[in-house]
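I am opening a notebook on this structure. The entries follow the order in which I looked things up.

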Amino acid sequence: MIHTRLGESGLKVSRICLGMMSYGDPAKRAWALEEDAAEPIVRRAVDAGVTFFDTADMYSTGVSEEITGRLLGRLFPRRDDYVLATKVYFPMGPGPNEHGLSRKHVLAGIDASLTRLGTDYVDLYQIHRFDPETPVEETMEALHDVVRAGKARYIGASSMYAWQFAKMQDAALANGWTRFVSMQNHYNLVYREEEREMMPLCLDQGVGVIPWSPLARGLLAGNQERGSQRDTARGGSDRFAETLYVDDDFDVVEVVREVAAERGLPPAQIALAWLLAKPGVTAPVVGATKERHLEDAVAAVDVTLTDDEVARLEAPYRPHPIRGHS
């Protein structure tokens, strides 16, 4: 497994990040795997050299963090051997202060996450979305205090408009606070709107990009046919995916399948190889509910596409409305 710096920070991460949202409570997410079922997949990732793991407080309302903490504690001999990321923003209870990016919720959120993860610190603490109800200065100062307290080594952000991200970074710079080193955005072969503003901003500012949904919720791995229902447990119950992708996206999927067939590779490897080669992309956040999902992701690191293949893969793309910011 290749390791690289997260943007221009000094933090080294594997080029594949294992997303831990797939592991949690099936009662909360029908496709989530319980701990016993998740362990062989996470173990396979560790054996393959994956050292970067991403979760969030809201995944199965904290259960994912609990499973992540226990599994990584068993599979790695030392805490310094892996990079652990989690997130804060979405509701964790019914109270008016149990969501968002207020100082109250950020400071409560990190303490609760550390308890569930069973660790003293996370390597990367991310805001899960932009909070229009909280001044950016309040959020950035609170995140700076989390870092100064030793509860997080670095901070990152997730999907938002580029102007919002720039506003938060500028607030940190103006006040001498910790700045974001990463952006976890919605980016893949069928959703490339991030190439307009966010990707150039991250490249210019040295921010590492760790895209979520790199396989478009499995669309690019071939788990659905045009006009059909998804044929996986997740596909049949993932209502969020229905807001992200449309039938026109199959024009891209068909080319992915063609290139994959010519190469004798699974479509997932082709889609991930395309993403891994994009300037600024550090490590796609890959979900895996079967060991072969993880094996495809790891193998994609060594796949190099030709200029002609890249042009073919990109040609059918059609602009999309902005999706994934909420």
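Which are the buried residues of α10? Before answering I note what I am working with: this is a predicted model, where local features need pLDDT of at least 70, side-chain atom pairs count only at pLDDT 80 or more, and totals for chains, interfaces and linings use all residues. Residues are numbered from 1 along each chain as its sequence is written, and side-chain values use heavy atoms, with hydrogens and water left out.

**Entry 1, helix α10.** I took helices (H or I, at least four residues) and strands (E, at least two) as DSSP runs, numbered from the N terminus. I call a residue buried under 20% relative accessible area, exposed over 50% and partly exposed in between, with a 1.4 Å probe and protein chains only. The buried residues of α10 are A268, Q269, I270, A271, L272, A273, W274, L275 and L276. With 9 of its 10 residues buried, α10 is largely enclosed by the rest of the structure. I then looked up the cover over these residues, and it includes α9 (250-263), β10, α11 and α12 (307-314).

I270 counts as buried because its relative accessibility is 0%. For contacts I used heavy atoms within 4.5 Å. Setting aside neighbours within four places in sequence, I found I270 in contact with V256, V259, A260, R263, L265, L305 and L313. I also checked I270 against E66: they are 204 residues apart along the chain, and their C-alpha atoms are separated by 33 Å.

I found T282 in the loop between α10 and β10 (285-287). Is T282 buried or exposed? T282 counts as buried, because its relative accessibility is 5%. Not counting residues up to four places away in sequence, T282 touches T4, R5, L6, G7, V13, R15, G208, V209 and I210.

I list E35, A38, E39, I41, V42, A45 and V46 as the buried residues of α1. They pack against β3 (17-19), β4 (52-54), α2 (63-75) and α11 (291-300). After α1 comes G49, with a positive phi near 100°.

My axes are lines fitted to C-alpha atoms, for helices over the stretch in contact, with angles from 0 to 180 degrees between N-to-C directions. Helix α3 (residues 103-117) and helix α4 (residues 136-148) have axes 9 Å apart and pack at an angle of about 25°. The pair is therefore roughly parallel; the classes are under 35 degrees roughly parallel, over 145 roughly antiparallel, 65 to 115 roughly perpendicular and the rest oblique. In this contact R103, V106, L107 and I110 of α3 meet E138, E141, A142, L143, D145 and V146 of α4.

I found that the axes of α4 and helix α5 (residues 162-175) come within 9 Å and cross at roughly 60°. That makes α4 oblique to α5. Here V136, E137, T139 and M140 of α4 meet K167, M168, A171 and A172 of α5.
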